[in-house]
Amino acid sequence: MFKKILIANRGEIAVRVMRACRELGIVSVAVYSEADKHSFFALYADEAYPIGPAPARESYLSIERIIDAAKKSGADAIHPGYGFLSENAEFARACEAEGITFIGPRSESIAAMGNKVGARALMAKAGVPLVPGTGALSGLEEARVQARHIGYPVLIKAAAGGGGIGMQVVEQEDDLPWALEHAQSSARSAFGDPTVYMEKYLRHPHHIEFQVLADRFGNTVHIDERECSIQRRHQKLIEESPSPVMSPDLRAEMGEIAVRVARSVDYVNAGTVEFIYADGEYYFLEMNTRLQVEHGITEVRSGIDLVKTQIRIAAGLPLPYRQEQIQLTGWAIECRVNAEDPLANFAPSPGTIKGYRSPGGIGVRVDSGVHMGYTITPYYDSLISKLIVWGRWRDEAIERMSRALFEYVILGVTTNLPFLKAVLESKDFRRGDYSTRFLEEHPCVEDDVRRIMAERSLSGIFAGMKNNRRVAAISAAVDAYLTEDRERLS
Ligand code: ADP
């Protein structure tokens, strides 16, 4: 087993990995940018090394500085978390070259899945169902011919894409020239590669993904699915497991395909196979060759610690279970709590957290890297925490999440908490009847956000706090904050 692991990431995911290290008796090493000097993850780690200025390009994305810190600290392995260098084949190769174990798949598997056009070709060969679409587009003429063949609407996507960047829906041929050019130029500026391809655009799909685990001895298993269709600008906001549309037969079939996808690139470690699902048909979308943000909902249903399993696999240990031994129970939901303003087009809202109390109680898990007095900087994403609940069945999980959102107090920065509550209250969400278009088709959510913000100022825990003299000081802060809120609302 490793003695020392460097975590090449920050925030909640760095803490998540360090927790696994602590339980395994492994020394954890943080690397931090100037902006993160006082961040919780840098203090939590057993050792911490500065790696440069705040902009990620000069710190968390600098392969050289991270490898340098790993050598200085004597770490024998690196966990990349998600984002940053986690799906960078060059980084995995650099670790391999230095004799430091990269806790993830081999660099070849990352490279094979990193280019979506290449991955589609590989999957076609492996007999995996694909969204009707094309290879790399040579230009407008080919795009025209292909779009007519596929049938409008079509979606233009970046071959090197990620994070929903550079996707363009095209409803009709007249819009094709502009959309193609726009997609190519945003692909060039975001990924340094203007290559794009085309897929049939499905109107009301579900995003359903399967967690897979593979060891070095050819054992590959899946740990059921996650439904991630509540998205804004192709970014996930609320995830649940199982999927409300899943049946045991469909799960068995899709799970088997997910395992086949992993095997086709000799995949080792944890990965996620993403599918798009509509009208009883499912299609491969991509494979994420890393730990997902939303891995926690799979953990609470399966009892499997995915990060510890990643570490064990990387250390050369076999998976301790076969497919038929994996048992999942109950229902799990995750809400991504972000510092952003739901009433201002979700603009990021950096600032200092002046009051903080996270929810707790049965079935509640909060993964976060923040605390009272913590300053959310504008340099990185606006994730404050991942609020995860487990219930015996879906209704119980929803009630528990509503209760946890009610308990959550975050003062000083604007958060999307009222927005998450509004989605949870929506009839269609409660019925499990939603697609990736949920937010576009539920403009009423914004009115609900206003109502929930107003209600919070009148009732709930705040009112209780005001009646208690010992928390008068906190109440005053809450009052001031809510007054600000009311002013914003009026
Ligand atoms: P990225 O890697 O940029 O996240 P994905 O291919 O994983 O891109 O797609 C992200 C999201 O975009 C999906 O979850 C889905 O909501 C939407 N999407 C992708 N492909 C299609 C498609 N062919 N039709 C409809 N929606 C799609």
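Biologist: How many residues of domain 2 are in contact with domain 3?
Modeller: Six residues of domain 2 are in contact with four residues of domain 3, where contact means heavy atoms within 4.5 Å. This is a predicted model, in which local features need pLDDT of at least 70 and side-chain atom pairs count only at pLDDT 80 or more, while totals for chains, interfaces and linings use all residues. Residues are numbered from 1 along each chain as its sequence is written, and side-chain values use heavy atoms, with hydrogens and water left out.

Biologist: And what area is buried between domain 2 and domain 3?
Modeller: About 390 Å² is buried there, with carbon and sulfur atoms giving 54% of that area; buried area is the accessible area (1.4 Å probe) that two parts lose on being put together, summed over both.

Biologist: How many salt bridges are counted between domain 2 and domain 3?
Modeller: The count between these two domains is zero, taking a salt bridge as a side-chain nitrogen of Lys or Arg within 4 Å of a carboxyl oxygen of Asp or Glu. A search of the whole structure, however, finds 41 salt bridges.

Biologist: Changing topic, which residue meets Lys71 in a salt bridge?
Modeller: The side chain of Glu98 does, at 3.4 Å from N to O. Lys71 lies in helix H3 (residues 63-73) and Glu98 in helix H4, so the pair ties together parts 27 residues apart in sequence. Helices here are DSSP runs (H or I, at least four residues), numbered from the N terminus.

Note on methods. Helix = DSSP H or I, 4+ residues; strand = E, 2+ residues; numbered from the N terminus.
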